[in-house]
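Hi,

Here is the structure I promised to pass on. Have a look at it first, and my notes on what turned up follow below.

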Amino acid sequence: LVANLEHPMPKSLVHDLLFLQRDGNVGQHAREAISLYQVTAATSTVSRHVRVHSALRALTLMKLTNSVDELPRALQLIRSMVDEDLADTTQQPGLTLPMVAALVEAGNSEQSGQLDNSPLLEAVIERYGTADHIDYIAELFRSSKYVSAPRKESVRRSRVTTRLDRARNASAAELTMFHLDDAAKEARKLGFSDLHDEAVAELQRVDSSAMNWTKVSSEVEYPADFIASYLGSFTHHGDWRRGLRQWLATEPPSGFYADNEALARKTLEGSLIQQLFTRVRIGSHGMPERRGAVDDSLDSAIRETEFRRAMLQGLPLFHALKAVGQLAEGVSEDELTALILERYRCPGVNARILAKGLRLFWHSEYHVCAYFVTPFIEAGARTLLLTLNEPIYRVESGKTKGQFAQLGALLPRLEEEDFDRDWMRYLQTLTSADGQNYRNDIAHGFLRQMDPVVCTLLLRASALFLIMPLQDSTAEDLRQLARRPVPQGPKRNLGRKLK
């Protein structure tokens with residue numbers, strides 16, 4: 001094959017392959033490959049990609065075969081190609097920077113003749129030192145033994161300042177936010193607290209309402225007779241007590257984990273491109289909260305499926321509880337508390353809390369109701385674990401005072417106690433940082449308005465714990481309660497029926 005090839009490019013590849021396979025005269029194949037690669041790199045009619053690859057591969061082979069005498073010529077060829085790129089204002093750095101890296105590495109080696117590469121690096125950063133390439137260039141500065149320490153630190157700092165410049169020059173508010181968030185994270189990683197504070201201060205000033213959001217919506221049409229039947233199951237008897245008991249026995253609104261996982265996998269299989277894009281979650285406070293990675297795309301898709309299903313189920317749950325409230329018109333808080341105590345044998349203070357929350361809901365005080373009941377999701381999880389005698393208190397450590405673990409740490413402990421998985425996923429999707437994070441938003445006062453359906457979902461989550469009969473339960477009762485937290489037998493939810 002080699003004998004029948006004329007062009008230096010394919011011949012160099014064949015000799016290289018024979019060298020790698022240790023076939024025949026290995027040294028001769030290496031020398032031929034080096035020579036032909038250099039001829040290819042010097043041929044202007046060959047594509048730029050092939051020329052760069054050939055020049056760098058020739059250098060690599062010289063190192064592998066310890067061909068020290070040929071290094072100066074190879075480095076000179078690479079340097080001339082870099083100079084060509086720097087002189088060409090249209091040339092992008094994708095091919096140039098790997099050649100510069102090779103020159104820097106060679107300049108640090110005694111075998112290459114100690115070539116000072118600092119002037120070259122200054123030319124490179126002047127030409128290509130944008131936010132897209134500054135990290136790579138800064139690493140070249142750091143590795144060069146000819147660049148002074150103050151200059152290395154200055155270039156290292158520019159990894160943040162170039163990001164700030166890109167943010168300030170962005171044409172859209174969403175780009176400004178994205179780049180400032182990136183600059184703040186880079187500054188924190190590199191230890192530049194002043195630049196971190198500068199980036200965060202600018203990030204806080206971005207007007208999220210001015211962002212050009214593209215809204216994707218869909219409509220779900222409930223069959224009228226089905227909705228009437230569903231609501232009627234709570235009210236047809238005309239007894240608010242029976243209606244409330246039935247509502248408090250409903251399954252987790254987010255549905256069943258196995259169903260949600262299967263749907264999420266199917267969605268991802270049909271949307272491969274979606275997995276390639278970075279996803280940034282903007283919190284209710286208008287600031288970027290979290291970036292999604294490819295590795296967590298499945299879990300994110302499951303969380304989204306669970307929340308969509310919860311909202312789908314939450315609407316009829318909302319109307320059902322409102323309908324029960326109409327039947328309970330005129331019922332006092334004391335009467336409501338007494339019913340909850342009698343029916344569920346829960347602590348009296350919990351019965352009173354749930355009664356207050358229900359009355360706020362029935363009076364359409366959704367914002368107040370959500371802020372009132374949400375903290376008792378965490379309180380309920382903590383109380384259940386304490387009743388199970390789980391060690392969840394974190395003792396004082398250094399300057400950190402002793403305190404109970406928060407909800408994000410409590411829920412996994414409940415999961416270890418075989419807490420019902422579907423309810424666990426619902427609680428996490430609704431309250432945790434991996435989900436909608438309502439617990440944090442409400443605790444810190446970020447929600448100035450409250451969707452009635454979301455209020456319904458939060459009330460259902462808190463009621464799960466508030467009605468638990470923890471006072472007189474045996475250890476086995478508690479274990480069973482964790483596995484099956486709803487007070488009655490299974491009643492499949494609307495999301496299940498609509499499948």
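**Salt bridges along the helices**

Asp299 and Arg303 pair up through their side chains in a salt bridge, at 3.8 Å from N to O. By salt bridge I mean a side-chain nitrogen of Lys or Arg within 4 Å of a carboxyl oxygen of Asp or Glu. Before I go on: this is a predicted model, so local features need pLDDT of at least 70 and side-chain atom pairs count only at pLDDT 80 or more, while totals for chains, interfaces and linings use all residues. Residues are numbered from 1 along each chain as its sequence is written, and side-chain values use heavy atoms, with hydrogens and water left out.

Back to that pair: Asp299 and Arg303 both sit in helix α14, four residues apart, which is about one turn of the helix. Helices here are DSSP runs (H or I, at least four residues), numbered from the N terminus. Asp299 is partly exposed at 29% relative accessibility, whereas Arg303 is buried at 8%. The cut-offs are under 20% relative accessible area for buried and over 50% for exposed, with partly exposed in between (1.4 Å probe, protein chains only).

There is also a network: salt bridges with shared partners join Asp132, Asp135, Arg159, Arg163, Arg166, Asp182, Glu186 and Lys189. Over the whole structure, the search finds 36 salt bridges.

Helix α8 (residues 149-168) holds Arg156 and Glu153, three residues apart, and they form a salt bridge with the closest N and O atoms 3.4 Å apart. Arg156 is partly exposed at 30%, and Glu153 is partly exposed at 38%. Asp165 and Arg168 form a salt bridge at 3.8 Å, N to O; they too are three residues apart in α8, about one helical turn. For Asp165 the relative accessible area is 39%, partly exposed, and for Arg168 it is 41%, also partly exposed. On the spacing: an α-helix has 3.6 residues a turn, so residues three or four places apart point the same way.

**Helix α20 and the cores**

Why is α20 largely enclosed by the rest of the structure? Ten of the eleven residues of this helix (421-431) are buried; among them are Trp423, Arg425 and Tyr426. Its cover includes α13 (257-269), α18 (375-387) and α22 (452-466). Asp420 caps the N-terminal end of α20, with a side-chain oxygen 3.1 Å from the backbone nitrogen of Asp422.

The largest nonpolar core has 66 residues, and Ile340, Phe419 and Phe465 have the most contacts inside it. A core here is a set of buried Ala, Val, Leu, Ile, Met, Phe, Trp, Tyr and Cys residues joined through side-chain atoms within 4.5 Å. Its largest share, ten residues, comes from α22. A second, separate core has 41 residues, including Phe19, Met99, Ala138 and Val155.

Asp16 lies in helix α1 (residues 8-20) and is buried at 5% relative accessibility. Its side chain makes a polar contact with the side chain of Tyr37 at 2.7 Å. A polar contact is a pair of N or O atoms within 3.5 Å; within protein, one must be able to donate a hydrogen and the other to accept it, and residues adjacent in sequence count only if both atoms are side-chain atoms. Leaving out residues up to four places away in sequence, Asp16 touches Ala33, Tyr37, Arg57 and Leu61, where contact means heavy atoms within 4.5 Å.

Cheers

Technical notes
Helix = DSSP H or I, 4+ residues; strand = E, 2+ residues; numbered from the N terminus.
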